[in-house]
Amino acid sequence: MTAADTTSRQLGDATPEDRRTRSRAWTVTGLLVVFMMINFADKSVLGLAADEIRADLSLSATQFGLANSAFFLLFSVAAVVVGMYADKVRPATVILIMALLWSVAQVPPAIGGGLAVLIGSRIMLGAAEGPAFPVAQHATFSWFPDHRRNLPGALVTLGITLGVITAAPGLTWIIDHHHWRTALWVLAAVGLLWAVAWYFLGGTGAHRTADAPAGDTATPLVPGAPVPYRRIFSTPTWLAVTAAYFTCYWGVALTLVWLPSYLHNGLGYSSAEAGRLVVLPWVMGAVVLLTQAGITGWLMRRGVSTRWARGGVGGAALGLGGLVCLGVPLADGAGAKTALLAVGLGLAGSYAAVAATTVSELAPPARASGALGVMNAVVTTAGLAAPAIVGVMVDKQGTDGYQNAVVITGAMLLVGGLLSATLVDPSRDRARLRT
């Protein structure tokens with residue numbers, strides 16, 4: 001490339017090939033936003049149908065909680081295995097296979113059966129969905145250099161929120177008027193349609209292994225030896241961001257599985273009202289997520305280190321969400337409690353984008369998908385524990401169990417926010433990995 005060509009690129013002139021690549025990058029990003037929407041619609045459907053499923057299958061709160069926890073039984077294992085596998089193959093192929101499996105997993109309980117069929121289906125679905133977030137983020141980042149990843153990464157994370165916002169009212173209506181099993185058929189069909197679109201329009205970009213400084217594709221310690229994963233996992237940044245994201249995911253699991261029941265049985269709303277109100281934390285989360293991405297990008301463009309632009313900003317949102325959740329028992333009336341739940345859980349749910357971009361910055365490109373996958377595996381054990389634990393609390397404490405679960409969540413979020421704000425420093429730890 002000549003000096004004139006370089007200057008032209010720096011001034012913003014783009015060749016037709018550049019414009020096509022940019023257009024393709026945003027097309028893939030848009031598809032992956034929808035991918036995450038379907039992912040979280042799949043996760044949320046049982047929570048939306050909690051009362052109907054418990055009545056239909058004669059389940060206690062503990063049994064229903066265990067059925068939801070079963071979703072995460074193989075979730076973490078699959079996240080690790082597929083995350084590392086995606087370092088060696090095209091993420092686009094892995095994503096297509098996952099989407100097809102999601103649709104297949106919905107079919108058995110849609111046809112019929114009891115608790116055993118429901119649990120088996122959720123285990124299969126969880127195994128197929130476990131790697132979704134890290135692989136989707138990795139595929140998205142492959143189309144963008146590091147300094148341009150905050151917005152697309154946030155948009156893919158926003159798909160989580162949009163999935164619940166768009167699915168909750170529609171699925172609630174289907175559940176109320178056409179049975180909860182019909183909702184599973186709808187989700188299976190949507191997943192299949194998305195897989196067809198991805199087959200023709202999806203793909204992996206050129207930044208997958210070309211985004212590091214020269215000689216740093218795998219940051220070798222000795223010739224031919226890439227950085228061991230254990231060194232990445234022992235950095236303060238990876239440990240702190242994983243712990244903070246764990247507390248975030250605990251709040252997400254609580255929101256998905258038990259918030260509709262809390263609104264209906266604990267705060268006295270009708271099932272239709274609960275189906276509408278359950279989107280409020282996700283709406284709040286979307287606003288916080290986009291605001292956070294904007295602030296982070298603004299700070300980074302002005303030379304602020306990602307210790308503050310990612311770890312500090314993300315930790316502040318997480319900690320503030322924890323404080324708001326701790327205030328729920330002090331509120332008087334269902335309206336005030338609902339508002340605090342929306343703000344507190346919404347703030348908490350915004351940390352996923354921070355976690356993904358931070359680990360992608362920390363890890364060498366050849367280790368990025370594996371590092372994201374292992375983080376996601378550790379984090380999503382919160383989804384294995386939270387539904388079952390809250391189910392036991394509800395059986396033993398009645399409606400007070402819901403509120404006590406929110407208080408526990410608030411305390412966890414505070415700790416997670418502090419860890420993020422004080423220990424996350426990806427540029428420092430990445431430099432240490434090079435030595």
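User: How many salt bridges does the structure hold?
Analyst: This is a predicted model, where local features need pLDDT of at least 70, side-chain atom pairs count only at pLDDT 80 or more, and totals for chains, interfaces and linings use all residues. Residues are numbered from 1 along each chain as its sequence is written, and side-chain values use heavy atoms, with hydrogens and water left out. A salt bridge puts a side-chain nitrogen of Lys or Arg within 4 Å of a carboxyl oxygen of Asp or Glu. By that rule, the structure holds four.

User: Which residue forms a salt bridge with K43?
Analyst: The closest N and O atoms of this pair are 3.4 Å apart. The pair links distant parts of the chain, helix α2 (residues 16-48) and helix α7 (residues 115-129), 86 residues apart. Helices here are DSSP runs of H or I, at least four residues, numbered from the N terminus. The partner of K43 is E129.

User: Is E129 buried or exposed?
Analyst: Buried means under 20% relative accessible area, exposed over 50%, and partly exposed in between, with a 1.4 Å probe and protein chains only. K43 has 6% and is buried. E129 has a relative accessible area of 0%, so E129 is buried.

User: What separates D429 and R432 in helix α21?
Analyst: Their side chains meet in a salt bridge, at 3.5 Å from N to O. R428 is linked with both in a network of salt bridges. D429 is buried at 1%, whereas R432 is partly exposed at 45%. Because they are three residues apart in α21 (residues 426-433), the separation is about one helical turn.

User: Where are E361 and R310, buried or exposed?
Analyst: Their side chains meet in a salt bridge of 2.7 Å, N to O. E361 is in helix α17 (residues 351-362) and R310 in helix α15 (residues 306-326), 51 residues apart. Both are buried.

User: What is the orientation of α9 to α14?
Analyst: The axes of α9 (residues 150-178) and α14 (residues 280-301) come within 9 Å and cross at roughly 175°. Axes are lines fitted to C-alpha atoms over the stretch in contact, with angles from 0 to 180 degrees between N-to-C directions. Angles over 145 degrees count as roughly antiparallel. So α9 to α14 is roughly antiparallel.

Note on methods. Helices (H or I, at least four residues) and strands (E, at least two) are DSSP runs, numbered from the N terminus. Angles under 35 degrees count as roughly parallel, over 145 as roughly antiparallel, 65 to 115 as roughly perpendicular and the rest as oblique.
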